[in-house]
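Me: I would like to learn how to read the features of a model like this one, step by step. Could we take them one at a time?

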Amino acid sequence: MDDLEILSEYSLYLKEKKEEGKKVIGFIAHDNIPEELIDAAGFIPLRMIFAGNDDLMNASHDYLPPSTCAFAQSSIGLFSLKPSQFNFLDLLDYFIVSNHCVSDICASEIISKYFNIPRLNFYISYTKNDNSLKYFKLELIDLKQQLEKIRGSEIPSKDLRESILKYNKFKKRLLEINNLYMKGSKKLKIIQKALLFGPDFIQDLEQIIQEYKEKSPINQINSKDLVLTGCSIFINDYLIDLIEEAGGNVVFLDTWIGNHYSSQIIDDKLIDAKKDPLNLIIKRFHDNIYGDHSVPNYLEFKISQIEKIYHDYKLKTGKKLGVINHIIKFCDHISIMSAHLKNQLQEKGIRVLNLERDYSRANRGQLSTRIEAFMEML
Ligand code: SF4
């Protein structure tokens, strides 16, 4: 299934949900947005996981300078460039303005203000201590109240608990998919599609897992295997094709739509009818060590996690993994730590390519050359 098919299937899915009277709530694609609250309110969470191109980036320049990250530029372009295969975004009823980073806030505010999508606010503190957890709870209560106002009634705690269980199950399946040995481009498409359709895609995930467990012994693909860390590869991006054309295969996605998302599982044993389910979401925020927002010692966690993946994989397959650190141009979150990440991992004998790029087509040749050169070194 290619990107256009996924988008047109998703467009039909959203239209059906709208006909059922559901509201669609959009937000930019990073972690910490509590989809369970949106789901428990009876609404559809729509995560913006769409990559860009020259036209989409250029279409944002009336609103933000070109020195904004390419992903935020393109996310604005998705609304300003018409007609496009993203017309389903016209179905959005609300847009959450959150503060993962400056580009995220600016793009979300612009999308809400200039494309007339009413905004919902949800801010997350940049520290992690007792006070920031209390603040996080206030923000959760506030978001819950904003959603309750839209639906015209309270969200019962029971419904929120059920949504937490449903998303837990969904994330467990996604973790399994991320750990399966399959072609990286196929794995990426499955994960991208799952993140659009959410838990409605659980049965498909279970079927895929079953099929792959029955076949595909490890080492069957003759490739140079890689971990992709840093920024996600979003829908409609050609980067994974360039990696595969150069002889590489991404075996693990350590990104926002990969491990950062699917590792955020709340322990089922803690989901107790007597406890306030909002506290479970707070605990998850507290325990999250993989996201790049408000995680103390984030870089140290990241380095030791990649080291572990590298050694486990070598033990299992005898193969050495390379690491591609994908940096969307002007993404400060990822670029600011890239030199340190590379030095630390290379000192441990793990090869790293810091690959910075925007979405312009003109970059394709240069990116290919850099990836091919890296593959030669592995
Ligand atoms: S700067 Fe990075 S973290 Fe922020 S919106 Fe852009 S890609 Fe995401």
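Me: Where is the place of Asn-236?

Reply: Helices are DSSP runs of H or I with at least four residues and strands are runs of E with at least two, both numbered from the N terminus. On that basis Asn-236 sits in the loop between strand 5 and helix 10 (239-245). This is a predicted model, in which local features need pLDDT of at least 70 and side-chain atom pairs count only at pLDDT 80 or more, while totals for chains, interfaces and linings use all residues. Residues are numbered from 1 along each chain as its sequence is written.

Me: What is the phi of Asn-236, and is Asn-236 buried or exposed?

Reply: Most residues other than glycine have a negative phi, and most peptide bonds are trans. Asn-236, which is not a glycine, has a positive phi near 85°, and Asn-236 counts as buried because it has 21 C-beta neighbours inside 10 Å (buried is 20 or more other C-beta atoms within 10 Å of its own, exposed is 12 or fewer, partly exposed is in between, with C-beta atoms placed from the backbone). Asn-116, in the loop between helix 5 and strand 4 (119-121), also has a positive phi, of about 55°, but Asn-116 counts as exposed because it has 8 C-beta neighbours inside 10 Å.

Me: Which peptide bond is cis?

Reply: The bond from Lys-82 to Pro-83 is cis, with omega near -10°, and Pro-83 belongs to the loop between helix 4 and strand 3 (94-97).

Me: In what order do the four strands of the open sheet lie?

Reply: Strands of a sheet pair through backbone hydrogen bonds, either parallel or antiparallel. Here the order is 6-5-7-8 with parallel pairing, where two strands pair if DSSP finds at least two bridges between them. Strand 6 (248-254) and strand 8 (352-357) are the edges, each pairing on one side only, and the twist averages 30° from one strand to the next (axes are lines fitted to C-alpha atoms, for helices over the stretch in contact, and angles run from 0 to 180 degrees between N-to-C directions). Strand 5 (224-230) is joined to strand 6 by six bridges, and Lys-224 has Gly-248 as its bridge partner in strand 6.

Me: Which strands does helix 16 touch?

Reply: Contact requires C-beta atoms, placed from the backbone, to lie within 7 Å. Helix 16 (364-377) packs on the sheet and touches strand 5, strand 6, strand 7 and strand 8, its direction making about 175° with that of strand 8. Helix 15 (338-347) lies across strand 7 (322-328) and strand 8, at about 160° to strand 8.

Me: How many residues of strand 1 are buried?

Reply: In a regular strand the side chains alternate between the two faces of the sheet. In strand 1 (24-28) five of five residues are buried, with Val-24, Gly-26 and Ile-28 on one side and Ile-25 and Phe-27 on the other. Strand 1 runs parallel to strand 2, joined to it by five bridges.

Me: Which residues surround the ligand?

Reply: A residue is near a molecule if its C-beta atom, placed from the backbone, lies within 6 Å of it. The residues around the ligand include Cys-69, His-100, Cys-231 and Asp-332, and helix 4 (70-80), helix 5 (102-114) and helix 14 (332-335) each give two or more residues to this shell. The shell draws at least three residues from each of domain 1 (3-162) and domain 2 (180-377), bounds that come from an automatic or database domain assignment.

Terms used: Contact = placed C-beta atoms within 7 Å.
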